Amino acid sequence: MSIVRKEGFGFSFDPDKCVVCGGKCCTGSEGYIFVKIDEILDIAQMLGMEFEEFSSKFVRKVGYRFSFLEKPCSDGVACVFYHQGKCSIYAKRPKQCRDFPFWEGYKLENLSPEDFAILQQECIGVRCESE
Ligand code: SF4
């Protein structure tokens, strides 16, 4: 795969690094893995589950939004779909996951050098464009 660059971001991303990373963006401290209703429907269908069963097992409500549950792991917590270093629903993972690391909070105007250093620790595929 080729290096990804997006307007407004001061870094590039090498998706090939995901193979060796072991899924650091799916583990760590507690957070939100936001998922939309149509994505839930799609993932439930892929797993051969009804929407209600899937939601009660894997999803929690956060205000007016929905997030995947997390489970304890050696790094803190992991997404409920993180198994043996990989996303078990990779083909249908939510947009939030597909967009990483190009999140609004990581745009050039929002990202301090300290936060960029933390992002690089979390994602070995991220490289500063001025390097
Ligand atoms: S859905 Fe997959 S890619 Fe997204 S956080 Fe969970 S394990 Fe990671």
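Predicted model: local features only at pLDDT ≥ 70, side-chain atom pairs only at ≥ 80, totals over all residues.

**Glutamate 30.** I found glutamate 30 in the loop between β3 (27-28) and α2. Leaving out residues up to four places away in sequence, glutamate 30 touches Glu70 and Val77.

**Phenylalanine 58.** Next I went to helix α3, where phenylalanine 58 is found. Phenylalanine 58 has 14% relative accessibility, which is under 20%, so I put it down as buried. What does phenylalanine 58 contact, once neighbours within four places in sequence are set aside? I listed Met49, Ser67, Phe68, Leu69, Val80 and Phe81. For one of these, phenylalanine 68, I looked up the C-alpha separation from phenylalanine 58: 5.6 Å, at ten residues apart along the chain.

**Helices α2 and α3.** While at α3 (residues 51-58), I looked at how it meets α2 (residues 37-46). Their axes come within 9 Å and cross at roughly 105 degrees. That angle falls in the 65 to 115 range, so I call α2 and α3 roughly perpendicular. On the α2 side I noted Ile37, Ile40, Leu41, Ile43 and Ala44; on the α3 side, Phe51, Phe54 and Ser55. Sorted by class, this contact has seven nonpolar residues, one polar and no charged ones.

**Aromatic rings.** How many aromatic pairs does the structure hold? I got 14. I picked out phenylalanine 100 with tryptophan 103: the ring centres are 5.0 Å apart and the planes sit at 75 degrees, so I logged the pair as edge-to-face. Phenylalanine 100 is buried, at 9% relative accessible area, whereas tryptophan 103 is partly exposed, at 29%. Then I followed ring pairs through Phe9, Phe11, Phe13, Phe102 and Phe116, which they link into a cluster.

**Charges over rings.** Last, I looked for arginines over aromatic faces. Arginine 65 lies over the face of phenylalanine 34, 3.7 Å from the ring centre. I also noted arginine 93, whose charged end sits over the ring of tyrosine 90 at 3.8 Å from its centre.

Note on methods. Residues numbered from 1 in each chain as written. Heavy atoms only, no water. Axes fitted to C-alpha atoms, helices over the stretch in contact; angles between N-to-C directions. Helix = DSSP H or I, 4+ residues; strand = E, 2+ residues; numbered from the N terminus. Parallel < 35°, antiparallel > 145°, perpendicular 65-115°, else oblique. Contact = heavy atoms within 4.5 Å. Nonpolar A, V, L, I, M, F, W, Y, C, P; charged D, E, K, R; others polar. Phe/Tyr/Trp six-rings, centres within 6.5 Å; stacked < 30°, edge-to-face > 60°. Buried < 20%, exposed > 50% of the residue type's maximum accessible area, 1.4 Å probe, protein only. Lys NZ or Arg CZ within 6 Å of the ring centre and 35° of its normal.
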